[in-house]
Amino acid sequence: MKTNRVIIKTPLGNAILEGNDLGISRLTLTDEALEPTPHPAPQLTEAIAQLEQYFKGERKEFDLRLNPEGTDFQKKVWQLLQKVTYGRTSSYKELSNDFGNPLAIRAVAAANGKNPLWILIPCHRIIGSDGSLTGYAGGLWRKKWLLEHEQMEKQQSLAL
């Protein structure tokens, strides 16, 4: 089955989105100077719309068919990541406890780092147990931006 690819502009740089009839398989961010795709494949239009809504602060969760490639272990970790809701964070330690193996922190962190669906599977919401921002494949500045973006609503409601 042919995989479709589209490039869209986001506040974090260009996003490369890939997928087909089975679902979205990859979303990554890049600093590369790429031209946005003028006519995306129909399989990707809903994902594009939902990402635009997310970046405008109008969407807190995604309702898309996801089809990431990975090992069974990675896929189980990625399912746990999806339970960390918008505006919240978790730690690698908490994630490994949720996985059912408190000693699997490094393996869980490695699976988190292999997540091919940045933002859609919110690996940016996983932080160090001490509250520190830890690695993010797209760069820590993007992780910080995403976490701050998801906190904006809370900050605005406190100001009212």
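1. Strands E2 and E3 (residues 23–30) pair in the antiparallel sense over seven bridges; strands are DSSP runs of E with at least two residues, helices runs of H or I with at least four, numbered from the N terminus, and two strands pair if DSSP finds at least two bridges between them. Two residues separate E2 from E3 in a hairpin. Ala15 stands opposite Leu29 in E3.

2. This is a predicted model, in which local features need pLDDT of at least 70 and side-chain atom pairs pLDDT 80 or more, while totals for chains, interfaces and linings use all residues. Residues are numbered from 1 along each chain as its sequence is written, and side-chain values use heavy atoms, without hydrogens and water.

3. On its other pairing, E2 (residues 13–20) meets strand E1 (residues 4–10) in the antiparallel sense, again over seven bridges. A two-residue hairpin joins E1 to E2, and Ile8 stands opposite Ala15 in E2. Six of the eight residues of E2 are buried (under 20% relative accessible area; exposed is over 50%, partly exposed in between; 1.4 Å probe, protein chains only).

4. The whole structure holds six aromatic pairs (Phe, Tyr or six-membered Trp ring centres within 6.5 Å; planes under 30 degrees apart are stacked, over 60 edge-to-face, the rest tilted). Tyr54 and Tyr86 are edge-to-face, at 6.2 Å and 85°. Tyr54 lies in helix H1 and Tyr86 in the loop between helix H2 and strand E4, so the pair ties together parts 32 residues apart in sequence. Both Tyr54 and Tyr86 are buried.

5. Phe73 and Phe99 are also edge-to-face, at 4.8 Å and 65°. Phe73 is partly exposed at 29% relative accessibility, as is Phe99 at 25%.
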